[in-house]
Amino acid sequence: MDTDNNKNIFDQLNKECNEYSKAIFLESCVEVAKNGEQFGLTTEDCFPEVHCALGLPYYSIAVFGGVMSQMPQAFDLIDKSKEMGVGSMTCSGPKLAMYMVESGMIPKPNMIITGNQPCDAISALGDLVNSYKPWADVPKFYMSAPHDKSEESYVFYGKQMRAAAAFLEDISGRKLDMNKLKQISEEANKQCQLMLELQVLKSAVPTPIDWTWGRSATRIARWGSRVGSPVVTEWLERLVAATEQRVKEKKGIDGITEKIRFMWYDMVPTSSEKLFSRLANELGAVELMDYYNWGGPWTPIDTSSEEAMFTSFAKRYLKDTPMVKHAMGTVQSFTDDITRLYKELKCDAVVLGLNIGHKEQNAMYRVIEDICRERGIPIQMIGCDLWDERYMTGDQIFDKIQMFFEVSGLIK
Amino acid sequence: MESIKSSDVFKKFSGIATSLKNSEIENWKKQGGKVIGYFCPVIPEEVFIAGGILPFRMRGTGSTTTDSADVYLKQVNCGFPRHTFNQALIGEYDFLDGLVVNTCCDTIMRLAVDWEHAGIKTPFIYSLDNAHAGGEAMVGHFRNQLQKMKDAVEKYFNVEITEQKLQDAIKLCNETKLLQQKLYELRKLPNPPITGSETVAVMVAGSSMPKEQYNKDLKTLLDELGNVNTDKKYSARLMIIGCGHDDTLLCDIIEELGAVVVTDQTCFGSRVMIKTISEEGDDPLMSIAGYQVLDVPYCPKTIGTHPERKQFTMGLAKDYKVDGAVGQCFISCDPWAAELYLLKSEFQEAGIPFIWFEREYIPDLIGQLKTRVEAFIETINN
């Protein structure tokens with residue numbers, strides 16, 4: 001494969017991903033509503049395979065908030081969300097989503113599922129959604145995700161998921177075809193395996209592709225209406241093949257001389273496009289892993305029975321989805337993942353976003369820091385607002401990271 | 001009696017509520033008794049009592065700084081756990097033999113690991129995962145979590161918590177709840193014999209000393225309240241709504257301005273005593289789980305239960321004939337901030353004046369708070 005051909009493949013993959021990703025955005029939701037189609041809303045999508053098997057458009061309000069924070073009107077909307085008068089220290093992303101609900105930006109759904117997961121702010125968003133008067137007559141289902149990580153808890157949550165699926169069936173009038181769910185789950189297993197393969201390929205030195213590809217894979221393989229679709233499997237296969245080619249040719253990210261490898265251990269900030277490009281271009285620092293760019297491993301869905309499938313969905317959601325796993329899990333699982341990925345991806349350093357809205361991270365920052373130091377992992381806490389760049393600009397974050405790399409001896 | 005403040009029993013309760021260590025705990029410890037601290041009323045004190053252990057509800061009383069805690073928790077974390085943890089770091093909780101935290105909020109659930117990491121010498125530390133939604137399906141799961149906690153307590157403290165002991169503990173705590181209900185009934189009177197500030201002291205003491213003695217003392221206090229002069233007129237009857245309200249600050253402000261706090265929806269107040277736990281059935285842990293999940297789903301961290309909370313809170317407002325409601329939550333408390341945001345419009349629709357604000361656990365802007373409350377009371381009186 002020559003260089004031009006390789007570039008063409010990535011361009012084509014990017015084009016297709018942009019098209020597929022539209023399914024998770026507010027515009028798609030508005031369009032679906034305009035067409036009079038049934039659709040559901042959730043605060044956190046815990047089982048995309050089920051929505052896909054039902055053929056039911058389903059949207060995460062939390063994702064709406066996160067995506068909106070990157071739009072040109074974001075600052076204005078964030079200010080309006082603050083003026084609403086909900087908690088002054090509530091995470092800006094969910095707060096923005098609260099404003100989107102309360103201001104009528106989101107069309108009225110046919111069904112709503114909310115839960116306590118993964119954090120207090122999303123739980124609070126759920127309370128607002130459930131109490132929003134124009135949606136008072138919309139049928140609702142509530143889920144309680146356990147923090148306890150035991151087989152008993154996975155079975156318990158799997159049963160809730162089955163009940164939630166029955167709720168969707170009941171309201172939508174669509175029957176959940178177990179054979180179709182099995183087929184989608186098996187395809188989703190292949191996709192998760194491909195995401196893991198991509199992660200392994202990224203561990204090559206120099207890393208062959210930039211951080212945005214992992215995010216693209218997550219957007220279409222874990223979110224939205226194409227989870228478990230053969231189209232996505234085929235897309236991932238081409239991405240893995242093209243990446244593998246670059247590894248064979250020992251090609252790093254185009255135009256970047258890789259000097260430092262780091263993880264941004266959180267969701268990425270709204271300034272990430274500019275910030276990570278600048279870090280790569282000016283310092284040769286490449287970002288290898290974050291919550292959107294997460295290759296797993298993911299628990300395979302056991303398709304041997306209906307119960308096994310739902311218990312697997314529970315495991316995949318509670319113990320593999322990074323935000324849920326870490327926000328609701330123990331400090332041990334948090335730091336063990338840092339350690340594993342630091343080694344696997346041959347990282348030089350870890351940057352923890354320490355979003356000011358992530359209370360659970362802020363409440364154990366010292367423990368994380370001490371454990372990482374004991375394990376010889378250079379780590380820097382940032383303390384930014386992931387959704388509001390005015391709190392800490394991308395340039396300020398850049399300066400902090402640059403100084404961290406300097407004192408860690410990574411910049412000679 | 002001009003005021004209950006002159007009562008010896010009240011003075012005792014007030015002393016206990018305004019400090020962490022007290023003579024009741026000292027006596028308990030002298031007799032070889034063990035004490036377990038717990039963070040939230042969802043953690044059932046009945047289990048500890050059944051094991052012969054004294055439960056102590058955690059609070060940051062007496063704290064003036066979070067200098068030591070800030071090494072472990074950031075300023076974005078709520079002041080309640082920061083101040084409480086700070087008190088532990090400086091040795092104020094050295095009387096604890098155990099600590100139980102639960103998943104009641106994103107900050108408190110992390111205190112177990114901070115506690116251990118900081119090397120605080122509390123030998124038994126346990127994390128309880130509580131239910132986060134209402135409904136029958138949650139009861140069984142929560143019961144199983146309680147079973148795990150009970151097993152851990154039994155194993156560590158080498159005690160046997162039998163069903164009979166649990167039933168007895170439920171009865172004892174129900175007696176407390178019924179006595180506290182009697183206390184609240186008195187606040188329904190046109191001129192209540194006890195103020196909001198005084199009630200906070202009585203309620204906080206209830207989770208800081210042995211129950212048998214507390215019940216005895218509370219009975220005495222209830223008798224004494226019958227002799228209190230109730231001629232005093234108040235400019236407005238208010239209720240307080242919000243999270244862990246273990247100090248008298250807001251009540252003091254309101255009552256210094258001539259109004260009176262006649263009820264509350266807080267987790268040191270009405271939420272812990274409004275209902276009793278069923279004494280029927282042969283599985284006391286199931287009774288406790290049912291009580292927490294189905295009977296009192298009044299914590300806003302419980303998803304989908306706002307309608308129940310609204311009904312409960314509105315019911316209190318009606319029963320206690322309140323002229324207005326004051327909501328308060330600690331800065332950084334996401335669940336309560338959203339709850340108060342919702343209740344504001346619902347109270348206004350019901351024609352009940354409502355104000356809410358965020359405050360620090362140990363407030364530094366008392367003047368500002370006073371101005372807002374004063375303006376609110378003036379609005380009501382106009």
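**Exercise 1. Work out the strand order of the open sheet of four strands in chain A.**

Step 1. Read the order: β6-β5-β7-β8 of chain A, with parallel pairing. Strands here are DSSP runs (E, at least two residues; helices are H or I, at least four), numbered from the N terminus. Two strands pair if DSSP finds at least two bridges between them.

Step 2. Find the edges. These are β6 (285–289) and β8 (379–381) of chain A, each pairing on one side only.

Step 3. Check one pair. β5 (residues 260–264) of chain A joins β6(A) in the parallel sense over four bridges. R261(A) has V286(A) in β6(A) as its bridge partner.

This is a predicted model: local features need pLDDT of at least 70, side-chain atom pairs count only at pLDDT 80 or more, and totals for chains, interfaces and linings use all residues. Residues are numbered from 1 along each chain as its sequence is written, with chains lettered from A and ligands numbered from 1 in the order in which they are written.

**Exercise 2. Describe how the two domains of chain A meet.**

Step 1. Count contacts (C-beta atoms, placed from the backbone, within 7 Å). In chain A, 19 residues of domain 1 touch 18 of domain 2.

Step 2. Name the main contributor. α6(A) gives the most to the domain 1 side, with three residues.
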